Amino acid sequence: MSGLLTPLEIEALRLSLLIAFWAVLGGLPAAIALAWLLARHRFPGRALLDGIVHLPLVLPPVVVGYGLLVVLGRRGLIGQWLHDALGITLAFTWEGAAIASAVMALPLMVRAIRLSIEAVDRGLEAAASTLGASRTSVFFTITLPLALPGVLIGVVLGFARSLGEFGATITFAGNIPGQTRTLANAIYAITQVPDSDAAAGRLCLISIVLSLAALLVSEVLARRLGQRLQGRTRA
Amino acid sequence: MLDVALRAKLGDFALDVAFTTADAPVTALFGRSGAGKSSIIAAIAGLLRPDTGRIVSDGETLFDADKHVDLPPPRRRVGVVFQDARLFPHMSVRANLLYGWRRRTADRKLDLDQVVEPLGISHLLERRPATLSGGEKQRIAIGRALLANPRLLLMDEPLASLDGERKAELLPLLAQLPRVFGTPVIYVSHGLDEVLRLADRLVLLDQGRVLAAGTVEEVANRPDFAQIAALEGGPDVFTVIGATIKSHDEPGAQTRLSFGGGTLTVPRVAGAVGNRVRLRIAAGDVMLALTPPTGLSVRNVIPARIVSIGETAGMVEVMLDAGGPLWARISRAARDELGLQPGMTVYALIKSAAMTGSIGLRGQA
């Protein structure tokens, strides 16, 4: 590996994976909860919540990044308290980059998971409830397992979105080598330097390979999962 | 015992029913599609909230709009067998069966083995629902509901999605259920044969209302019952008689049944002496005579009193009291010739061969 890639490339690759991993892992519970709420419940403000969840999909990423600065920055509404009371700084750290990626990935994850929850037969949920299962229990034993292919798609989409995230990250977390210089940020930095086409090309190639691998893995997993849920393979 | 009184507005459909199951092991909700049967089941199970009314099971209130009681489905302990089985596709048969069993541990009455054996599904435990036939799925759905220790078992047309052969296979099993497991059953159906075979009590529904409720014999012998049943492909007018097997006449391949009005001789019925059966006699198969006939091949001659005489579509329907109601259908000319009047005593003649195939064994008395 080290013979194939330069230390700078390895560093960017490592940061990209780290940030995408935490963005998806941190965002997933929220995405599942939101998807369930939107798919299975009617409550006042539902349309508004739906809109807010989808905002990062339609806003320029820079706006999301700036919004995060306003809320979570060192002088932000919550960020100041986090800094003063808990000593936590998010802006211009890799954790901040993960948060920015998570926010950007959330609508994609919620959409995929919500669709698959909506596709779960409510009759099965009703049957489970007559068998003594509480709402929570129905969710964890029936709804979520049957929606798992959608959750997987959500994870892959979220992961891919995080890998490609640039605008919100650079605004909120900057482009700090070793902290927030992900593949996308590194490509941007390199293109600012004259005569660096080859280096930029290499980074692009790494991005392409990484994204393709993620998609392939998800394809295989989704197929296996689908078969298992339909019960076509022998138990 | 379940007492139900509820009203619900469901789109354009209004449900307004009240009935009790009394202490009947099996109560049938009978009526055409769209009569409101499934909505009632859903309301009892807690899956549909009525606008007003109450549902009380053995003294425990499951729903009471006035007192704001509305137990959620998991706390009602009402088992449901749905028409489409609704097995969980991502679980093995065993996990399906144990789903409710694991959750209702208090006063558990049954174990897996006690349910799996009588239902004949022990060889299926490790399979997945997708690999099962419709009949197998229904058996497992029944087992799953029973293992959740229900106070009451609701069955919503469990045979409707099965073909004739599977139906015939499952019907005797259903007939045994209340006796084997001791759980009262509410059985929804629009199939007359199923209802006559399984039910003790009958609630006749039409367009969201209860038209009649009582024992199967009481309700099925009402004049308006035939009208509704006929629309589902049954005979025009018929009598339902509950009887007990008295003796088998082996060489003659005949069975003697005792009922309220005496003895009936019918073609051989499978079942032991003392077993209860229910038979259906089409009104057109009952002839009337003013005197006990001689020199006739008819096996059953039952003295009866004429209760009422009515006319529909050019035919005359005579309601007889033969120790229980009995319908006869004759022509207008015959009525005039015999001079039939309410209060007269006549003899009802029933060919034993006419009762073939209309007799259902109902298990031990």
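Me: What pLDDT does chain B average?
Reply: This is a predicted model, where local features need pLDDT of at least 70, side-chain atom pairs count only at pLDDT 80 or more, and totals for chains, interfaces and linings use all residues. Residues are numbered from 1 along each chain as its sequence is written, while chains are lettered from A and ligands numbered from 1 in the order in which they are written. pLDDT is the predictor's confidence in each residue, from 0 to 100. In chain B, 94% of the residues score at least 70, and the average is 87.

Me: Which element of chain A has the highest mean pLDDT?
Reply: Chain A averages a pLDDT of 90, with 97% of the residues at 70 or above. The lowest mean among its elements, 86, belongs to α11(A). The highest, 96, belongs to α6(A).

Me: What percentage of the residues in chain A is buried?
Reply: A residue is buried if 20 or more other C-beta atoms lie within 10 Å of its own, exposed if 12 or fewer, and partly exposed in between, with C-beta atoms placed from the backbone. The C-alpha trace of chain A spans about 65 × 45 × 30 Å along its principal axes. Of the 235 residues in chain A, the buried share is 40%.

Me: Which element gives the largest share of the side of chain A that touches chain B?
Reply: Two residues are in contact if their C-beta atoms, placed from the backbone, lie within 7 Å. By that criterion, 19 residues of chain A are in contact with 25 residues of chain B. The elements giving two or more residues to the chain A side are α6 (122-130), α7 (135-146) and α11 (197-230). The largest share, 7 residues, comes from α6(A).

Me: How many nonpolar residues does the side of chain A that touches chain B have?
Reply: Ala, Val, Leu, Ile, Met, Phe, Trp, Tyr, Cys and Pro count as nonpolar, Asp, Glu, Lys and Arg as charged, and the others, Gly among them, as polar. On that side of chain A, 1 residue is charged and 7 are polar. The number of nonpolar residues is 11.

Me: At roughly what angle do the axes of α2 and α5 of chain A cross?
Reply: Axes are lines fitted to C-alpha atoms, for helices over the stretch in contact, and angles run from 0 to 180 degrees between N-to-C directions. V53(A), H54(A), P56(A) and L57(A) in α2(A) meet V103(A), M104(A), L106(A), P107(A) and V110(A) in α5(A). These residues divide into 8 nonpolar, 1 polar and no charged. The axes of α2 (residues 46-58) and α5 (residues 94-118) come within 8 Å and cross at roughly 115 degrees.

Me: Why does the span of α8 of chain A agree with expectation, and how far apart are its end C-alpha atoms?
Reply: The expected span of a helix is 1.5 Å times one less than its number of residues. For the 17 residues of α8(A), 148-164, that gives 24 Å. The span agrees because the end C-alpha atoms are apart by 24 Å.

Me: Is R161(A) buried or exposed?
Reply: R161(A) lies in helix α8 of chain A, where 13 of the 17 residues are buried. Leaving out residues up to four places away in sequence, R161(A) touches M104(A), A105(A) and L108(A). R161(A) has 23 other C-beta atoms within 10 Å, so R161(A) is buried.

Me: Is V286(B) buried or exposed?
Reply: V286(B) is in strand β16 (residues 286-289) of chain B. Not counting residues up to four places away in sequence, its contacts include I281(B), L326(B) and W327(B). V286(B) has 26 C-beta neighbours inside 10 Å and therefore counts as buried.

Me: What is the phi of N149(B)?
Reply: Most residues other than glycine have a negative phi. N149(B) is in the loop between α5 (134-147) and β8 (152-156) of chain B, and is buried, with 21 other C-beta atoms within 10 Å. Although N149(B) is not a glycine, its phi is positive, at about 55 degrees.

Note on methods:
Helix = DSSP H or I, 4+ residues; strand = E, 2+ residues; numbered from the N terminus.
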